[in-house]
Amino acid sequence: MKPVFLYDTTLRDGTQGEGFQLSMLDKLRIAERLDRFGIDYIEGGWPGSNPKDIEFFREASKLDLKHAKLAAFGSTRRADLAVEEDPQVRLLLEASTPVVTIFGKSWELHVTEVLRTTVEENQAMIRDTVRYLKENDREVVYDAEHFFDGYKDSPEHALATLEAAAEGGADVLVLCDTNGGTLPEEVLEICTKVKERIPGTPFGIHTHNDCELGVANAVAAVRAGGIQVQGTVNGYGERTGNCNLTSVIPILQLKMGLEVIPALEGLQALSYFVDDVSNNPHFARAPFVGRTAFAHKGGMHVNAVQKLARSYEHIEPQRVGNSQQILVSELSGQSNILIKAEELGLKLEKGSDEAKSVLTRVKEMENAGYSFEAAGGSLELLIRRELGSYEKPFDLKEFHTSYRLYRDGHQPVCEATVKLYVGDVGEYTVAEGHGVVNALDKALRKALLPFYPEIEEVSLTDYKVRIIDGHDNTAAKTRVLVVSSDGEHSWGTVGVSENIIEASWIAIVDSIDLFLQRRGVLATKSADTPSAARA
Ligand SMILES: [Zn+2]
C-alpha cells in the first residue's frame, strides 16, 4: 500500500482559478495524462453544478484509465431533505464514478449563519450522505470544509462533524484549509488531535496557497500521519491557488522518502502539458519544474556546478525531468525522446546518430518557440522524418488567405486558396470558412480529398493560440496548437511563426500529414486518381 495517496483536483478546484479554463476535451486529455503519470485519484468536477461536468463524466467513463480512480465532487444533502430525495446527491451517483467526494461544514459559524440550520442537523446531513453513498458502493472521501478555522473557533464542534462522517463510514476524512490562512505548526498540531480522537479513519489534507504555505501545510499534515494529499498541477486554483502538486510530489518522494509516483521524471512534462492545454504561460521560476529551476548564471556558480553539480543544486534536475542549464550535454533530454519513440513503436537506439539528430532537431525547434508537450503528433512526425520512415504525402507550393468585411452587415468571409502536388499531379483549390484557420483547413482537405479520401474521417477538434514572448533576444512569436481526431484517436500538432496564419498552417498540415503517415497511405496513389481541377 502506498504511504500517501495523491488526489488531483485540477479539473475541479483548479478551474475555479482565474484564467484557467478547460473545455471537456481538455479535461479528458488532462485526466488521461494524470493517470499515466501515476496520480491515484482524479476529481473530474461537480455534476450538480453544471451540465458540462455531467457530460465530462459520461465521456470519462470511456477512458481507459490504468491506475487512477475518478471522483465526482459534490456536497452533503440539503438541510431537512431526505438524502435519497436530494437531486444533487442523485447526480453524484449518476456520474458512475468509483469514488465520490462530498464536502460538509465544519465551522459552526457557517452552519448557523450560512446554512441557517442547527448543529445537529448539519451532523445528520454529513452522516446520512456518507452512509447513503457507502450503501451505493462508493469509496467516499469526506472533505471537511473550513476545518482548521472551524477547529480554532470550536474544537468540539469541528471534531463532532468529522465523527459524523466517520460514523457514516467515510473512507478518508480530508481536512481543508479552505481560506488558506493556517500555519504549518497549527496544521501539525490539529492533525495530531484529529488522529488521537478518530483513530479508526485515516485523514488527508486539502490546502490553499493564500499565505504561500499550501505545500508546507500539506507536508505538515503528512508528518502528522495524513495519507492523502489533494492539490492541483502547477498550483492552479481560486485566488492564489491550491497546494501545488508539482512541488509537493517531489518533496514527498525525494525529501521524505515516500514512494508516491513510479516515474517522477515525467513531472516537468506534466507541468508543461497542463500549461499548454490550458493555454497558460509556463512559470519559469516554479520550483522543481520551472525552466530556470536549475539554471546557473553567476560565473562562480557556473564554475562550481561544472565541477560538482551538487554544489549549487538541491537535487539532480533529471529526477524531475528537468535539466541543468548552461551545460548542454549531447545526451541530456535524450531519454524523453527515447520513451516517446518506444511508445510509438519506432526503433531509436540510445546514443545512436538518429537519436542525436532527433534531439538536436527538437532543441532547435524548442529554441524557436516550439513546445511538444501537448503536441505529441508533431514530435512523432519529427521522429519519423529523422528515422527515414517518412514519405512525403504531398508537396505544398503556396497558400493564400483573405478576409472580407462587408459594409451592409453581411457576415465577414474568409477565403483560402491552396496549391499543392501529389506526385506530379497538381491541385489548386479555394474554400471559404468562418475564420482563416477554418478556410485553410477546408481548402487543404479539398485539395487532398481526391487522392486521400480517408482524410474525410479527420476533423479539427480544438485550436489554441498563444503569444510567446521573446526571451533570449528573439521577437515575440505565435504558437498555435491544434487537436485533431479521427473519431477514435486524437492527436495534437503545433506550429510556430511570427505570423499567426503561418503558425496555424504548419499545425494543420502536420495534423493531416501525421494521419496519412499512420495510415500508411502514401503518395504513390496519385497516378491512378482522377481529378477535375488540375493546376
Ligand atoms: Zn479548495
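# A tour of the predicted model

Start by selecting K134, which sits in helix 5 (residues 119-135). Helices (H or I, at least four residues) and strands (E, at least two) are DSSP runs, numbered from the N terminus. This is a predicted model, in which local features need pLDDT of at least 70 and side-chain atom pairs count only at pLDDT 80 or more, while totals for chains, interfaces and linings use all residues. Residues are numbered from 1 along each chain as its sequence is written, and side-chain values use heavy atoms, with hydrogens and water left out.

**Stop 1: around K134**

K134 counts as partly exposed because its relative accessibility is 28%. The scale is this: buried means under 20% relative accessible area, exposed over 50%, and partly exposed in between (1.4 Å probe, protein chains only). Next, show the contacts (heavy atoms within 4.5 Å). Leaving aside neighbours within four places in sequence, K134 touches E139, V140, G168, G169 and D171.

**Stop 2: two loop residues**

Most residues other than glycine have a negative phi. Select D80, where phi is positive, near 55°. D80 lies in the loop between strand 3 (69-75) and helix 3 (87-94). Is D80 buried or exposed? It counts as exposed, because its relative accessibility is 68%.

Move to H146. It is not a glycine, but it has a positive phi of about 50°. Look for H146 in the loop between strand 5 (139-145) and helix 6 (147-153). H146 counts as buried, because its relative accessibility is 7%.

**Stop 3: the zinc ion**

Which residues coordinate the zinc ion? They are D13 (OD), H206 (NE2) and H208 (NE2), at 2.0 to 2.2 Å. Donors are N, O and S atoms within 2.8 Å of the metal (3.2 Å for Na, K and Ca); water is not among the atoms, so sites may look incomplete. Along the chain, the zinc donors follow the spacing D-x192-H-x1-H. Both H206 and H208 are buried.

**Stop 4: helix 9**

Select residues 214-223, which form helix 9. Eight of its ten residues are buried. Among them are V215, N217 and V219. Show what covers these buried residues: the cover includes strand 6 (172-177), helix 8 (184-197), strand 7 (203-207), strand 8 (228-231) and helix 10 (245-255). After helix 9 comes G225, with a positive phi near 110°.

**Stop 5**

Go to the second largest pocket, with a volume of about 550 Å³. Its lining has 25 residues, and N209, N234, G235, N244 and F283 lie nearest the centre. Helix 9 and helix 11 (267-277) are the elements that give two or more residues to this lining.

**Stop 6: a cavity**

Finish at the largest cavity, which has a volume of about 70 Å³. On a 1 Å grid over the protein atoms alone, a cavity is a set of points where a 1.4 Å probe fits but cannot get out; a pocket is an open set with protein on both sides within 12 Å along at least five of seven lines; lining residues have an atom within 4 Å of a point. Grid points are joined across faces, edges and corners, and a volume is the space filled by probe spheres set on the points. Select D276, N279, S371, K464, R466, R479 and L481 to show the lining of the largest cavity. Strand 12 (459-468) and strand 13 (477-485) each supply at least two residues of that lining.
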